[in-house]
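This briefing goes through a predicted model.

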Amino acid sequence: MTAGSQLIDAYLGDVAAALPGPARARTDIVAELRSGLLDAVEAYHSAGLPPAPAAEAAIREFGDASRIAAGFHPELAAHQARRLASALVATGPLIGLLWATAALASHIGIRPALPWQWAGAPPASMVAFPVAAAALLITVWTALFTLAATGRPARWLPIGPRMAATTAAMAGFGAMVADAAVFVLLASQLFSAPSRLAPAPIAVAAAASLTRLTLARRGARRCLSARATLA
Amino acid sequence: MSAETLKGHLDGMLLASLEDGPRHGYAIMEMLRVGSSGQFNLPTGTVYPALRRLERAGLVRGTWSEVGGRRRRVYELTPGGHRVLETERGAWQTFSAAVTALLSPAAKPVSP
């Protein structure tokens with residue numbers, strides 16, 4: 001069966017090379033195709049073909065590797081979009097909580113008023129807070145929309161994976177803008193009243209935001225490239 | 001019959017192929033081929049991604065398990081899948097009954 005399995009390995013290698021998206025999803029797809037191919041080989045073998053021609057026939061039956069891979073592009077794009085959106089929804093409240101803790105520890109008087117009216121609010125508040133709020137609003141809505149469009153409610157929504165990849169990328173960019181706005185606030189506070197800042201909670205929140213910014217950027221780019229495969 | 005012609009009915013047929021019990025991808029393709037007397041020879045590149053899509057929509061559940069000495073991804077209908085299958089079946093029966101009535105030569109309405 002060596003010649004046959006070499007043919008199958010080479011074929012699946014071609015399929016894998018043409019699959020974009022998360023590594024685990026790709027491995028899973030290739031494993032499923034391998035098991036299907038082996039079923040086809042067995043069927044041809046029991047119909048009387050020797051191992052190598054049976055493998056060739058099975059590969060012919062499955063068709064061109066790039067076409068097989070293209071069939072999975074929409075699913076992989078949906079997968080990528082869903083992954084980014086769920087990561088943003090899961091981490092968002094945590095990062096918000098970390099910054100609220102950091103602000104309270106830095107003696108910023110959070111109260112039910114506009115942020116720039118808080119006691120000790122950073123000078124950039126009047127610009128950075130509205131930007132962050134708008135970005136977060138976009139992120140929350142586009143992320144929830146993406147989750148709906150790539151999950152069970154998709155049955156009732158006329159939204160395909162291409163649109164889901166777009167909204168997930170928007171959510172990612174929104175999170176990046178929100179994080180960047182928070183860093184502007186932090187920088188303005190560092191220049192105006194550095195002594196107020198509580199170093200440890202600020203460092204934790206900043207590390208969390210920086211990590212999310214980096215991952216959101218990577219996720220958004222991946223969504224856009226997955227989207228490009230669906231043109 | 002071309003894959004394009006079948007596209008609108010693919011989901012219903014895939015769900016129907018799982019009605020008797022769980023099956024893996026190749027067995028589903030075999031079932032569609034044999035069940036349609038060779039009329040529907042759906043390409044692999046259509047069936048496997050469609051199964052993933054149905055899984056994402058919560059209509060089927062795919063799990064890896066050992067079948068016949070080999071690891072296979074086996075699909076089964078979820079309760080939601082059963083419901084959608086019933087809806088698709090009812091819609092198809094209404095539609096096909098209407099088309100049959102209109103296409104059958106004996107049933108042409110007499111024009112005044």
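The largest nonpolar core holds 85 residues. A58(A), A81(A) and A168(A) have the most contacts inside that core. At least three of the core residues come from domain 1 (2–63) of chain A, and at least three from domain 2 (74–228) of chain A.

**Around A58(A)**
- A58(A) is in contact with L37(A), A40(A), V41(A) and Y44(A), once its neighbours within four places in sequence are left aside.

**Helices of chain A**
- Seven helices and zero strands make up the count for chain A.
- The pattern along the sequence is accordingly written α-α-α-α-α-α-α.

**Dimensions, burial and contacts of chain A**
- The radius of gyration of chain A is 25 Å, whereas a compact globule of 231 residues would have a value near 17 Å.
- Taken along the principal axes, the box filled by the C-alpha atoms of chain A is roughly 85 × 35 × 25 Å.
- Buried residues account for 41% of the 231 residues of chain A.
- Of the contacts in chain A between residues at least 6 apart in sequence, 76% link residues at least 24 apart.

**Interface of chain A with chain B**
- On the chain A side, 21 residues are in contact with 17 residues of chain B.
- Two elements of chain A, α2 (23–46) and α4 (65–105), each give two or more residues to the side that touches chain B.
- The chain A residues on that side comprise nine nonpolar, six polar and six charged.

Conventions
Residues numbered from 1 in each chain as written. Chains lettered and ligands numbered in written order. Predicted model: local features only at pLDDT ≥ 70, side-chain atom pairs only at ≥ 80, totals over all residues. Core = buried A, V, L, I, M, F, W, Y, C linked by C-beta atoms within 7 Å. Buried ≥ 20, exposed ≤ 12 C-beta atoms within 10 Å, placed from the backbone. Domains from an automatic or database assignment. Contact = placed C-beta atoms within 7 Å. Helix = DSSP H or I, 4+ residues; strand = E, 2+ residues; numbered from the N terminus. Nonpolar A, V, L, I, M, F, W, Y, C, P; charged D, E, K, R; others polar. Rg over C-alpha atoms; globule rule 2.2 N^0.38 Å.
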